[in-house]
Number of protein chains: 2
Amino acid sequence: MIDLTERYGPWAVVAGASTGLGAAFAEELARRGMNVVLLARRATLLEETAAGLRERHGVSVRPVTVDLASPDLWSVVSAATDDLEIGMLVYNAMYDPTGRFLEVPLAEHLKAVAVNCAAPTILAHELGRRMVDRGRGCVVLVSSMAALQGIKVFASYGAGKAYGLILGEGLWDELREQGVDALAYVVGATATPHYVEMQEAASGARPTEAQLAEVRRAGSEAVAAPRTPEQVAAALMPLLDRGPRGYSHPDDEARAEADARRPRREVVEAMGKMTSLVWG
Amino acid sequence: MIDLTERYGPWAVVAGASTGLGAAFAEELARRGMNVVLLARRATLLEETAAGLRERHGVSVRPVTVDLASPDLWSVVSAATDDLEIGMLVYNAMYDPTGRFLEVPLAEHLKAVAVNCAAPTILAHELGRRMVDRGRGCVVLVSSMAALQGIKVFASYGAGKAYGLILGEGLWDELREQGVDALAYVVGATATPHYVEMQEAASGARPTEAQLAEVRRAGSEAVAAPRTPEQVAAALMPLLDRGPRGYSHPDDEARAEADARRPRREVVEAMGKMTSLVWG
């Protein structure tokens, strides 16, 4: 297993870090001795997460309250981190305007473009430049199974995650020549607070076993039991230097490979049946 | 073959329409009887293209000078088209900040996000809403073989085209229930003025046969002789109601399918060898 501080340097930036998967990434990095900068919008949650990390792992933690959709993103992050050697970026933040594309206000989709496309581009560019100058570092762009095909109800979210997926793969090819690792990390269903909230907010109740069986017959395995954020964060660690793409679970990789051999229409329809069933 | 005006309505919007592939799409639609709104930045070129279309096909053409990266995009397009029944959107515009990701200024990448992600989202949302209200229409998001894997030298361009690819597929699944076709159209190498310019501006001369043979051994077929814009525009027509995804040439589809069965590392490396060879 990689010694993170030795290979990449003493500090990591985790974007979208106050709860759920982002907090789990920060926890895993801190457990492995990295100091962490936490970026998120909600100051109180962020302070709590930071305090917990310091207490449990004895590392330095710097919480930075920032809206990842803001055009000032880099000036805020830069002011808060310019004195640090940032050796890792884990871009986990995301914004998903759940609902039919035309029914969701346009401003929501554009906010998703800002958080899912522009922000990782900004942070990868600014922090990546500094990593290359030092000849070491690691950029992880967290993507999703939703990025692998069009996805009803989450159309602009899936698109934004596809942006990160392909950007991460491209960065792998460019940065590896300069001593910096890069990886697009494809995450399957994860039981984050956000995921649970979404399910509870869904139009219907949770799907019945008979409905799930119908979805499985349609060919989607996306409704497999979600992993925990801790499992997903731990599964990233052995993949950091194995770009261009990694999956949070072998089942998801197998499903992606199987889907890649099927007609697109079937793949998109199967995903759509699943999202329609659960989220209406 | 679909009767465009009957199935979709009398007017089409083509974004990125002054030259190259966009002009060829506009030509093909006009030839099939559609009136066209042309969106592009360069007013003089746009007027020339519009005059040519009117003369050759006897259709109405409305050129609209607009920067597709502008936050005012919709207010400009709306003011210029609110009296028209727009039955088709062909989003062909793109911006590609060619060069190593870290060497290209960040502002260029963010402009690419605006043109390749935000603008198609805005136009698909606003025009798509009106199509659904009328119960007919067609949204085509033009993507690229560069969207299918990370791509060195074009990292943020490939990412932006992946956004459009996955958004187009998702729209197909949502809009077909409401009488509107949608399609992500994956275009391979096309001999547009932009393509030729890029090749000429490349650091070296055109690759030799020996170099190309090496690239082919690496597994990339992307250096096959490019098609003409007219061929690519004509090939779209039979695919309009066959979403979620179509390819401009069966060779490209076959290559995409073959690549989907190979390890990602191999696919990204092969693409990188090709772009490095041609564009340095």
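Q: How many bridges join strand S5 (residues 137-144) of chain B to strand S6 (residues 180-187) of chain B, and in which sense do the two strands run?
A: Eight bridges join S5(B) to S6(B), and the two strands run parallel. Strands pair if DSSP finds at least two bridges between them, so with eight bridges S5(B) and S6(B) count as a pair. One of these bridges links B:Val139 to its partner B:Ala182 in S6(B). This is a predicted model, in which local features need pLDDT of at least 70 and side-chain atom pairs count only at pLDDT 80 or more, while totals for chains, interfaces and linings use all residues. Residues are numbered from 1 along each chain as its sequence is written, while chains are lettered from A and ligands numbered from 1 in the order in which they are written.

Q: What makes strands S3 and S7 of chain B the edge strands?
A: The open sheet of chain B has seven strands in the order S3-S2-S1-S4-S5-S6-S7, with parallel pairing. Strand S3 (61-65) and strand S7 (245-247) of chain B each pair on one side only, and they are the edge strands. From one strand to the next, the twist averages 20°. The strands named here are DSSP runs of E with at least two residues, whereas helices are runs of H or I with at least four, and both are numbered from the N terminus.

Q: Which strands does helix H4 (residues 73-81) of chain B touch as it packs on the sheet?
A: H4(B) touches strand S1 (11-15), strand S2 (35-40), S3 and strand S4 (86-91) of chain B, and its direction makes about 155° with that of S3(B). Touching here rests on contact, for which the C-beta atoms of two residues, placed from the backbone, must lie within 7 Å. Helix H6 (residues 155-175) of chain B also packs on the sheet, touching S5, S6 and S7 of chain B, with its direction at about 155° to that of S6(B).

Q: Why is helix H6 of chain A called roughly antiparallel to H6 of chain B?
A: The axes of H6(A) (residues 155-175) and H6(B) come within 7 Å and cross at roughly 155°. Angles under 35 degrees count as roughly parallel, over 145 as roughly antiparallel, 65 to 115 as roughly perpendicular and the rest as oblique, so this crossing makes H6(A) roughly antiparallel to H6(B). The angle is taken between N-to-C directions on a scale from 0 to 180 degrees, with axes fitted as lines to C-alpha atoms, for helices over the stretch in contact.

Q: Which helix supplies the largest share of the side of chain B that touches chain A?
A: In total, 46 residues of chain B are in contact with 46 residues of chain A. Helix H5 (106-134), H6 and helix H11 (264-279) of chain B each supply at least two residues of the side that touches chain A. The largest share, 17 residues, comes from H6(B).

Q: Why is strand S4 (residues 86-91) of chain A said to be largely enclosed by the rest of the structure?
A: A residue is buried if 20 or more other C-beta atoms lie within 10 Å of its own, exposed if 12 or fewer, and partly exposed in between, with C-beta atoms placed from the backbone. Six of the six residues of S4(A) are buried, so the strand is largely enclosed. S4(A) pairs in the parallel sense with strand S1 (residues 11-15) of chain A over five bridges, and also with strand S5 (residues 137-144) of chain A over four bridges. A:Met88 has a part in both pairings, as the bridge partner of A:Ala12 and with A:Cys138 as its own partner in S5(A).

Q: Why is A:Val64 called partly exposed?
A: A:Val64 has 19 other C-beta atoms within 10 Å, and is therefore partly exposed. The residue is found in strand S3 (residues 61-65) of chain A, and its contacts beyond four places away in sequence are A:Val37, A:Leu38, A:Leu39, A:Val76, A:Val77 and A:Ala80.

Q: Why are the buried residues of helix H10 (residues 250-260) of chain B said to line one face of the helix?
A: B:Asp252, B:Arg255, B:Ala256 and B:Asp259 are buried in H10(B). Seen down the axis, these buried residues fall within an arc of 100°, so they line one face; the arc is that of the directions from the helix axis to the C-beta atoms. The face turned away from the buried side carries the exposed residues B:Pro250, B:Ala254, B:Glu257 and B:Ala258.
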